[in-house]
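Take a walk through this chain from its overall build down to single residues. Keep the model open as you read.

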Amino acid sequence: MKVSMIGTGYVGLVTGACLAEMGNDVLCLDVDENKIRILESGGIPIHEPGLDAVVARNVKAGRLRFTSDIARSVAHGTLQFIAVGTPPDEDGSADLQYVLAAARNIGRLMTDYKVVVDKSTVPVGTADKVRAVLAEELGKRGNPVDFAVVSNPEFLKEGAAVDDFMRPDRIVIGADDERAILLMRALYAPFQRNHERLITMDVRSAELTKYAANAMLATRISFMNELALLAERMGADIERVRLGIGSDPRIGTHFLYAGAGYGGSCFPKDVKALIHTAAGEGQQLEVLGAVERANDAQKRVLGQKVLRRFGDDLAGKHFALWGLAFKPNTDDMREATSRVVIDDLLSRGATVCAYDPVAITEAKRIFGDRPGLSYADTPLAAADGADALLVVTEWMEFRSPDFTELKAKLRQPVILDGRNIFDPEFVRAFGFDYEGIGRAPAGEAGGNAGADAGQPGAGA
Ligand code: NAD
Ligand code: UDX
C-alpha cells in the first residue's frame, strides 16, 4: 500500500519504517529539513534501539523514502498518516496547530481519495476538526474529492518502540467509513500474527482510549509513589508491597514501580490535556489532578533527600548523577526528572557531574553552558569526588557496578537511588549509606523483594 507519513519523530519514523518492513511503499515527510537531510544521508535523528537496522533495510529495498516536499507527500499515499507533535499549550490543552497544518496541506493538494489517519495523540473531537479543515480546503478549490478521517492512536513506548510497533497488544481503529476500515484492516493484517488485535470503534472513543490508557498508567505510578513515601515513614518496603499486591491478577506487578517521578513526552502532557478537555466540558477530574500534583512533587524527592542530609546550603558540595534521559534506551529528555534534580541542586549552590550513555548531547542542548554542571564519559568518572551518587535513570549498565571502585571514587559513600535499581542490603554490605524510594531502612532486609527490585524498564 502507498503510505505517506507526516512527521518523522519518534512515532512517525518508527511507524513509517515498520510499515515499510511489511512491504508497504512509505514516504516520510518532515518540515524539519535538517531531519530529512540526516535521514537521507543514512543517519537516524533519534536514539531508538533497532530502528537504524529497520530503516536501513527498507531504504535499501526502496520501500522507505524521505522528503520535505509537501506536494510529493500528498500525491504519494492513499493513506496519509499524521504523526506530528501535539505539545501542551500554556493552558495545558493539546496544541493542534501542527495536526491542523498537516491536514490543511492535504486538503489543499489532494486530487484523489485519501484516508487521513490521526496517529498523533489528539483530544476527542479532533477528527471532526481535521475533517472540517479538509472540507474547507477542498471547498476553496471547488473540487469535491472523497476522503475519510480515521483515528489510530499509537501505544508504543520509547526505548522499545520498534518491538512495540511490530508486536502490538492491540491496534485501535476509530472510523465510521467502511472503505477506510477495510484499508486499515489490510494495512495492519501482518501485525495481527494469527490473533485478532484490531479493535474498531467510533472515532471519539478511539481518541479517548489513548488518553485513558496513559492516564491510567500515570495513575498507577503516582499511587505507588505516594505509597512509597508512606512506606518510608512507616518503615515498610514498597518493593515487597508491590509484589504483595501485584500477585493479584486484577492488579499485576507490571508498571507499578515507585521512583523519582514519571517523565517523557506523553504522560505529563496527556494527563494535562485530559484534565483540560474535561474542564472544558464542566467536569473536574479529581483523581487525575492529584496524579499530576503527586508527580510534580515526586520529581523533587531526590533533591529533598539531598537537603535532609547536607542542609539547605549546598555550596561546596558535589554530586554525581547517573542518568539524564527520562527512561532507559532513549536520548529523550522531555519532562525528564533529571532536569528537576539538576535545577534543584545547582540552585542551592552545588556542582553536578552527570553521566548518561546516550543523552549527554541532548543535555548539552538543553542546559547550554550552565555553570556548575559537567559531564563524564563513564559512570565511575562521574562519581569521582562526589558527596553522593544520585541514580535518576535505570540504565542496565548502572545495575551492577564495581561497588568497591565506586566507593573509592566517592568522597562520601552515599547512594540515593531514585529508581530502586539496587538491593539495599547488598549495597549496604559494601559500606554504602543507601536510600532508595520507599525501601526498607537498614537492617530490615528479608523476603525476596531485593532480587526482583526495581525493574521499571523491564516491567513496563
Ligand atoms: P516528535 O516531536 O518526535 O516528532 C514530530 C515531528 O513532526 C517533528 O519532526 C516535526 O518537525 C514534524 N512536523 C511538525 N509539523 C509538521 C508538518 N506540518 N508536516 C510535516 N512534519 C511536521 O513527536 P513524537 O514524539 O513522535 O510524537 C508525535 C505524536 O505521537 C504526539 O501526538 C505524541 O503525543 C504521540 N505519541 C508519542 C509517543 C512517544 O513515545 N513519543 C507514543 C505514542 C504517541
Ligand atoms: C508511554 C506509554 O507507556 C506508551 O504506551 C505511550 O504510547 C507513550 O507514553 P513512554 O513515555 O515512552 O510511553 O515510556 P514509559 O515506559 O511508559 O515510561 C514513562 C515514565 O514512567 C518514565 O519516566 C518511567 O521512568 C516512568 N515509570 C514507568 C515509572 O516511574 N514506573 C513504572 O512502573 C513505569
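The chain has 19 helices and 14 strands. Both are DSSP runs, numbered from the N terminus: helices are H or I with at least four residues, strands are E with at least two. This is a predicted model, in which local features need pLDDT of at least 70, side-chain atom pairs count only at pLDDT 80 or more, and totals for chains, interfaces and linings use all residues. Residues are numbered from 1 along each chain as its sequence is written, while chains are lettered from A and ligands numbered from 1 in the order in which they are written.

Start with the overall shape. Along the principal axes, the C-alpha atoms fill a box of roughly 75 × 45 × 45 Å. Of the 460 residues, 48% are buried. Buried means 20 or more other C-beta atoms within 10 Å of the residue's own; exposed means 12 or fewer; partly exposed lies in between, with C-beta atoms placed from the backbone. Contacts need C-beta atoms, placed from the backbone, within 7 Å. Among contacts with a separation of 6 or more, 73% join residues 24 or more positions apart.

The domain assignment gives domain 1 (2–201) and domain 2 (214–459). Such bounds come from an automatic or database domain assignment. The two centres, taken over C-alpha atoms, are 34 Å apart. Across the boundary, 16 residues of domain 1 are in contact with 15 residues of domain 2. The domain 1 side of this contact divides into 8 nonpolar, 5 polar and 3 charged residues. Here Ala, Val, Leu, Ile, Met, Phe, Trp, Tyr, Cys and Pro count as nonpolar, Asp, Glu, Lys and Arg as charged, and the others, Gly among them, as polar.

Next, the ligands. Which residues come nearest to ligand 1? They are Gly-7, Gly-9, Val-11, Ser-120 and Thr-121, out of 26 around ligand 1. A residue is near a molecule if its C-beta atom, placed from the backbone, lies within 6 Å of it. Helix 1 (10–21) and helix 5 (97–109) each supply at least two residues of this shell. By class, the shell around ligand 1 has 12 nonpolar, 9 polar and 5 charged residues.

Ligand 2 has 22 residues around it, and Glu-158, Tyr-257, Tyr-262, Gly-264 and Cys-266 come nearest. Helix 9 (203–234) and helix 19 (456–459) are the elements that give two or more residues to this shell. Helix 9 gives the most, with 3 residues. Both domains take part: domain 1 and domain 2 each give at least three residues to the shell around ligand 2. The classes there are 13 nonpolar, 5 polar and 4 charged.

Turn to the annotated positions. In an unreviewed entry, UniProt places the feature "binding site" at Asp-30, Lys-35, Thr-86, Thr-121, Glu-158, Lys-269 and Arg-334. They spread over 305 residues of sequence and, in space, up to 23.7 Å between C-alpha atoms. UniProt positions follow the numbering used here, feature names are shortened, and annotations may be inferred rather than shown by experiment.

Look at Glu-158 first. It sits in the loop between strand 6 (147–151) and helix 7 (161–166). Glu-158 is buried because 25 other C-beta atoms lie within 10 Å. Beyond four places in sequence, its contacts are Tyr-10, Glu-48, Gly-264, Lys-327, Thr-330 and Asp-332.

Arg-334 lies in the loop between strand 9 (318–322) and helix 14 (337–347). With 19 other C-beta atoms within 10 Å, Arg-334 is partly exposed.

The unreviewed UniProt entry puts the feature "active site" at Cys-266. Cys-266 is in the loop between helix 10 (238–246) and helix 11 (267–280). Is Cys-266 buried or exposed? It counts as buried, because 26 C-beta neighbours lie inside 10 Å.

Finish with the backbone. Most residues other than glycine have a negative phi. Phe-255, however, has a positive phi near 55 degrees. Phe-255 is in the loop between helix 10 and helix 11 and is partly exposed, with 15 other C-beta atoms within 10 Å. Asn-329 also has a positive phi, about 65 degrees. Asn-329 lies in the loop between strand 9 and helix 14 and is buried, with 21 other C-beta atoms within 10 Å.

Notes: Two residues are in contact if their C-beta atoms, placed from the backbone, lie within 7 Å.
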